[in-house]
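Hi,

Here's the structure I promised to pass on.

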Amino acid sequence: MTTTSTAAADGEADQPFIPQIDLDRDSADPLYRQISQPLEELILSGALKAGRLIEDEVSMAQRLSVSRPTARRALQDLVARGLLTRRRGAGTRVTPSHVRRSLSLTSLNDDLVKSGFKPHTQVMSYQVRLANDEEAALLHCEEGHEIVRIERLRLIDERPLAFMSNLLRADIAPSLTQLSQFGLYACLDERGLRPVAAEQAIGARSANDADASRLAISAGAALLTMQRTAYDAREQVIEYGSHVYNAALYSFQFNLTAN
């Protein structure tokens with residue numbers, strides 16, 4: 001299966017990109033996937049730039065001799081994955097600056113750098129205090145143990161991406177100066193602390209007024225949430241993190257296999 005374009009250059013964002021796809025109708029791979037997969041590859045490779053208009057489903061269905069539901073599902077599959085955005089009157093376009101992150105035990109800062117972004121971090125709060133009962137339970141330490149609570153804002157291209165709150169024991173916490181320059185896991189690695197396992201929960205909710213102010217979005221906008229407890233090789237808690245992400249700019253990717 002090959003894909004080329006009969007549209008104008010990618011810089012002409014309002015010229016619809018028209019993929020020339022050779023469909024294999026004898027393949028076990030569904031037709032909608034044969035359409036969406038090459039488009040996905042072009043987006044992820046950067047060949048299709050952010051904001052680029054994509055051929056509409058009616059034209060695509062007629063041109064490729066497939067049903068309109070098949071063409072719609074191909075595009076909707078990419079919308080659901082955060083690669084395309086559909087707006088009435090604006091058509092279907094490549095989502096701008098969307099971060100797609102695989103679920104793994106890695107630092108957000110490091111993942112952004114590897115993906116070609118230039119992240120910037122603002123440390124909003126750095127508090128040293130004694131753990132209450134809830135914080136002690138999260139860090140598996142005694143109530144009254146000295147801990148550090150850190151709140152940071154992570155930005156890409158000067159756009160707020162995530163608000164991150166982390167708890168660590170004070171004896172292993174990086175300094176405020178370190179966190180202003182490096183990611184949390186990079187700072188911990190300098191101290192010989194490497195997470196080897198974690199419990200992680202992913203969720204979603206609507207932004208409240210505080211979220212809206214921090215992330216420069218509207219109240220009620222969609223957020224992705226993540227809570228993580230990271231452990232070292234001795235099964236001791238290194239850090240607990242509670243993060244919220246602007247869902248318009250960020251998504252998690254799951255890789256699944258059959259048992």
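This is a predicted model: local features need pLDDT of at least 70, side-chain atom pairs count only at pLDDT 80 or more; totals for chains, interfaces and linings use all residues.

Residues are numbered from 1 along each chain as its sequence is written, and side-chain values use heavy atoms, leaving out hydrogens and water.

The chain has eight helices and 13 strands (DSSP runs, H or I of at least four residues for helices, E of at least two for strands, numbered from the N terminus). It has 259 residues, and 41% of them count as buried, meaning under 20% relative accessible area with a 1.4 Å probe, protein chains only.

Now the rings. Two arginines sit over one each: the charged end of Arg 73 is 3.9 Å from the ring centre of Tyr 32, and Arg 214 lies over the face of Phe 163 at 4.0 Å from the ring centre. The test is CZ of Arg (or NZ of Lys) within 6 Å of the ring centre and within 35 degrees of the ring normal.

Tyr 32 also belongs to helix H1, where it is buried along with others, including Ile 35, Leu 39 and Ile 43. H1 covers residues 31–45 and reaches 22 Å from first C-alpha to last, close to the 21 Å expected (1.5 Å times one less than its number of residues). Gly 46 follows H1, with a positive phi near 90°.

Cheers

Key
Buried means under 20% relative accessible area, exposed over 50%, partly exposed in between (1.4 Å probe, protein chains only).
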